[in-house]
Amino acid sequence: MNKKIFRSSLLTVCLVLIATIALIMGLLFHFFEKQIQTELANEAVFLAEAVEREGTEYLDEFGSKSNKVTQNNRITLIDKDGAVLFDSRAGASELDNHAGRDEIKAAMKDGEGMSIRYSKTLTEKTVNYALRLSNGSILRVSTEQYTVITILLGMLQPLLIIMIVALILTLVLSSRVSKSIIEPINRLDLEAPENNDTYEELTPLLRKIADQKETIAEQLADARKKQKEFNLITENMSEGFLVIDSDANLLTYNSAALSLLEIVPPADRNVLLFCRAKEFRDVISDVLSGKRTETIMVRNERSYSLIANPVFEKEAVIGAVIVILDITEREKREALRREFTANVSHELKTPLTSISGFAELMKTGEVSEKDVIDFSASIYEEAQRLITLVNDIIKISELDGQNIRLEHERVDLYELSNEVIGRLENEAGKKNVTFHLIGGRAEIVGARKILDEMLYNLCDNAIKYNTENGTVDVLVNQTGDDVNVTVRDTGIGIPAAHQSRVFERFYRVDKSHSKKVGGTGLGLAIVKHGAMYHHAKISMESTVDAGTTITLAFSKK
């Protein structure tokens with residue numbers, strides 16, 4: 001099964017990659033070919049208007065400048081009988097009669113014509129556009145263009161490199177994905193099937209195994225012992241558990257169900273009377289009609305998952321089992337995920353829009369050399385911003401998932417702080433911000449890379465949101481089994497209403513100011529997740545226009 005998943009993933013990715021490259025190249029070639037033909041027609045129209053207005057003498061004067069003005073385009077004027085009157089690249093007398101050319105015949109008949117002629121090697125082609133003038137003569141503009149064969153041969157090496165790199169990445173990722181899919185199945189504990197945390201699709205199978213084991217146990221024990229064991233199990237479940245008959249009368253329940261629904265032990269045995277929520281009533285109605293039902297109920301600002309399974313005797317429904325799960329935290333995490341996705345999309349869209357805009361202007365070819373340099377610089381800056389944002393997102397994802405495996409070592413936070421300050425001296429100098437490192441040697445065991453990121457982000461923020469000629473104090477001290485690192489600045493401060501949210505991803509107190517100083521909005525989020533990774537505590541004090549103090553408390557135990 002592992003090999004089958006691996007082969008399927010590998011084949012799918014390879015086919016998609018090949019198809020995507022072929023489609024993109026085809027679309028781009030078609031687009032640029034149409035663009036060249038359109039530009040050629042426009043140039044012919046402009047030249048025709050000039051000749052109509054100033055006469056054929058315009059071409060004599062123009063011919064001497066044709067190499068500069070028309071670049072690679074060739075201009076030919078043909079009499080209505082096919083004789084060449086003017087050519088920008090050869091003498092008219094040296095050329096044969098053009099009456100038989102496809103584009104000339106079409107222009108004589110319809111007023112305009114276009115043809116494409118290929119070289120003998122099929123590596124180049126000539127695009128010709130002819131336009132009939134009012135006196136019956138034909139003005140033709142031609143240009144040379146590489147064929148798709150030449151383009152493909154030129155791009156063969158980079159395409160092979162891309163395919164090889166993609167294949168290697170696909171091999172690695174497909175191997176990991178297939179192993180991660182199979183691993184939960186290999187870890188199944190069939191002795192305790194209900195305790196397995198595995199795929200939802202396996203739940204019916206595991207439940208059936210559990211039911212069979214329970215049936216065997218029931219056959220071996222007497223009724224009283226079975227009832228006692230049943231009560232013991234259900235009362236120790238954190239999930240709510242209800243059993244009803246076909247008339248919705250309550251047969252048994254556990255205290256967790258009452259606690260989750262926030263009700264007192266029911267005097268009336270009908271479940272529809274002690275919980276009147278619409279979602280709950282709909283679940284009872286559906287399950288007693290013979291349908292397995294699952295829905296979410298919101299009650300008193302908490303979310304509950306209701307899972308109801310009918311109980312059959314032959315084909316008749318004789319009751320149902322309802323399980324109630326508190327999924328409030330899961331729903332909150334899902335809401336945070338959606339918010340994070342929306343924020344990431346917004347943050348990525350801004351630089352991509354700028355890059356697309358500059359590239360579109362440069363694509364027209366009408367931008368001056370100075371503007372091309374300026375646009376290129378802007379594109380580079382936006383690309384660097386994208387790279388920084390993606391790197392920060394990757395760091396957040398790794399720390400959030402706790403899936404990074406970094407070697408832990410003894411790290412002197414005083415020495416590390418000094419290194420970070422050294423790397424930020426140039427940025428600090430731009431605002432005349434002065435760093436003061438206070439304290440002494442203080443070692444902890446941790447991941448040096450993550451600790452470096454945490455200190456760098458704290459010091460970088462202290463510079464960005466500081467005032468001109470401000471100061472940043474970095475205090476490193478050791479008290480007993482604890483090591484504290486404090487970064488204190490004399491900056492603009494954080495209003496009290498925002499202090500509880502500044503460690504959230506992409507949260508910005510003042511978006512206009514944050515836009516001026518740059519950054520991705522993920523710096524303090526990285527600090528927070530890095531602290532969680534090292535089981536450290538974060539505290540913050542801030543006063544508007546007075547400064548901010550953030551302290552990281554690490555335990556050496």
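Start by selecting His 535, which comes after helix 18 and has a positive phi, near 55 degrees. Keep in mind as you click around that this is a predicted model.

Now step back into helix 18 itself, residues 523–533. Colour it by burial and you'll find it mostly covered, with nine of its eleven residues buried. Among them are Leu 524, Ile 526, Val 527, His 529 and Tyr 533.

Next, jump to Asn 432. Look for it in the loop that links helix 15 (425–430) to strand 12 (434–439). Asn 432 isn't a glycine, yet its phi is positive, about 55 degrees.

Then pick Asn 469, in the loop between helix 16 (448–464) and strand 14 (471–479). Here is another residue other than glycine with a positive phi, near 60 degrees. Asn 469 is exposed, with a relative accessible area of 58%.

Last stop: Asp 245, in strand 6 (residues 240–245). Asp 245 has a relative accessibility of 17%, so it counts as buried, the cut-off being under 20%. What does its side chain reach at 2.9 Å? That's the backbone nitrogen of Asp 247. Show Asn 249 too: its backbone nitrogen sits 2.8 Å from a polar atom of the Asp 245 side chain. To finish, display Leu 251, Leu 288, Ile 318 and Gly 319, which Asp 245 touches when residues up to four places away in sequence are not counted.

Notes. Residues numbered from 1 in each chain as written. Predicted model: local features only at pLDDT ≥ 70, side-chain atom pairs only at ≥ 80, totals over all residues. Heavy atoms only, no water. Helix = DSSP H or I, 4+ residues; strand = E, 2+ residues; numbered from the N terminus. Buried < 20%, exposed > 50% of the residue type's maximum accessible area, 1.4 Å probe, protein only. Polar contact = N/O pair within 3.5 Å; in protein donor to acceptor, adjacent residues only side chain to side chain. Contact = heavy atoms within 4.5 Å.
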